[in-house]
Amino acid sequence: RHLLVDEFQDTNGVQYDWIKILIGKTGAPFVVGDDDQSIYRWRGARVENMQHFKREFGATVFRLEQNYRSTAVILAAANAVIAKNTDRMGKVLWTAAKGGEPIRVYAAYNERDEADFVIDRIRDHERRGLPLSAAAVLYRSNAQSRSFEEVLMAARIPYRVYGGLRFFERAEIKDALSYLRLTQSRNDDIAFERVVNLPTRGIGGATLDLLRTDSRDHGRSLWQAGQAILPTLPTRAASALQGFFTLIDRLAAAIAELPLHEQVQHVIQHSGLRDHHAREKDNKGEARVENLDELVNAADGFEPENDDGLSPLGAFLAHASLESGETQAATGLDCVQLMTLHAAKGLEFPTVFVVGLEEGLFPSEHSAFDPDRLPEERRLCYVGLTRAMQRLYLTHAESRRIFGRTSYRDPSRFLSELPPEALEDVRPRIAVSRP
């Protein structure tokens, strides 16, 4: 008879119908939800289910508006942003605590300056006795973590990527690096195994077993074993394997004289990896493409620390191996938290940095073409702001190399929607000249 549903704003259409069946004609439903925190439309969540429930069941609404987490200043900013959305059930968060530190807004020159600013502030807080785990860096796109990881590692500050992998540990990055390694050394068996049939090119398990057996029996690499047994394979298997050999040889020849970032870009594109992930229908494919583009950015900004005789690509691959070899900070260790805004839902931190507040990044460029996306982007901003308990920093960059290209974007509209009296500019915005 009595049914309680939590996180009701995240239900989809089928779940809503299922709840109605469970309730029947005599059940007493009770749902808990926050339409302002509905951020999973891409998973099928329908924020309108809250309004439907209210109408269909003649529900009594209890608004739980007192907030015990954030300062009054932070709540004023969150209320101002979310108020721009229409078709809300409506509420105004408040706290019995008065005042609070102003929200600091930093206009960075570029993504590296943005990361340096954030890490400098974290180190300053640490010197004042605050634990590293009190700070969280929140970003819209998973690919944005790389610049922060790079600066944190250089500063020897432990960190964790919450709910995900570090940049150089992500599968699509390892795949791209494996292709690059094969262009430099055909005898890299680990790289060979990883990408010989990725994207799928018809090289089956039976063929790979023959390669492994020959490699073990004759003490040669998988590449050499493949060349040796090629004439003995069935026509289709031989053609598929030869196609892979030809691909690697062509990639190596094509990138030989290119600058480093163009080498990386060429291999990602012509290996088929980018198109492979772009065809994936869910948001994971989009995120993987963004990470691959960010690998190009990493190569573009790479500067070898010493001259050890390696080519630029060789030095970059060695650098990537070192960075992927260092594991994240262990669970329970005091460390900085990095995470996407989606992963931050339900969490709270004394100090929060919401970074990348630029048009086309947050809100995402998709919201410019899909009117249903902008309200959800604004709800995502609301979630990010309300993760902060005491200190909130908002950053944007004048120029940013992201997703494989340098862009000059306007500050996010969400910044202009904040109450001016709640903000403190860390540095006035200085226009960057555009080529």
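Author: E7 is partly exposed, with a relative accessible area of 39%, whereas K345, at 17%, counts as buried. Here buried denotes a relative accessible area under 20%, exposed one over 50%, and partly exposed the range in between, computed with a 1.4 Å probe and protein chains only. The model is a predicted one, in which local features need pLDDT of at least 70 and side-chain atom pairs count only at pLDDT 80 or more, while totals for chains, interfaces and linings use all residues. Residues are numbered from 1 along each chain as its sequence is written, and side-chain values rest on heavy atoms, with hydrogens and water left out.

The search of the whole structure finds 35 salt bridges, the term requiring a side-chain nitrogen of Lys or Arg within 4 Å of a carboxyl oxygen of Asp or Glu. K345 and E7 form one of them, with their closest N and O atoms 3.3 Å apart. Because K345 sits in the loop between helix 15 (341–344) and strand 7 (349–354), and E7 in the loop between strand 1 (2–5) and helix 1 (13–23), the pair ties together parts that are 338 residues apart in sequence. Helices (H or I, at least four residues) and strands (E, at least two) are DSSP runs numbered from the N terminus. In general terms, side chains of opposite charge can pair when their charged atoms come close.

Another salt bridge joins R88 and D36, at 2.8 Å from N to O. This pair also links distant parts of the chain: R88 is in the loop between helix 3 and strand 3, and D36, 52 residues away, is in the loop between strand 2 (28–31) and helix 2 (49–57). D36 is buried, at 1% relative accessibility.

Helix 3 (residues 72–82) is itself mostly covered, with eight of its eleven residues buried. Among those buried residues are V73, I74, L75 and N79. Their cover includes strand 3 (103–108), helix 16 (373–385), strand 8 (388–397) and helix 17 (413–416), as judged by contacts, meaning heavy atoms within 4.5 Å.

R146 is buried, with a relative accessible area of 7%, while E150, at 25%, counts as partly exposed. Both residues lie in helix 5, four residues apart, which is about one turn of the helix. Salt bridges with shared partners join R112, D116, R146, E150 and E294 into one network.

Helix 5 (residues 145–154) is mostly covered, eight of its ten residues being buried. Besides R146, the buried residues of this helix include S145, F148, E149 and L152. Just after helix 5, R156 takes a positive phi of about 55°.

As a setting for these pairs, the chain comprises 17 helices and eleven strands. Its C-alpha trace spans about 75 × 60 × 45 Å along the principal axes. Of its 435 residues, 49% count as buried. Among contacts with a separation of 6 or more, residues 24 or more positions apart account for 77%.
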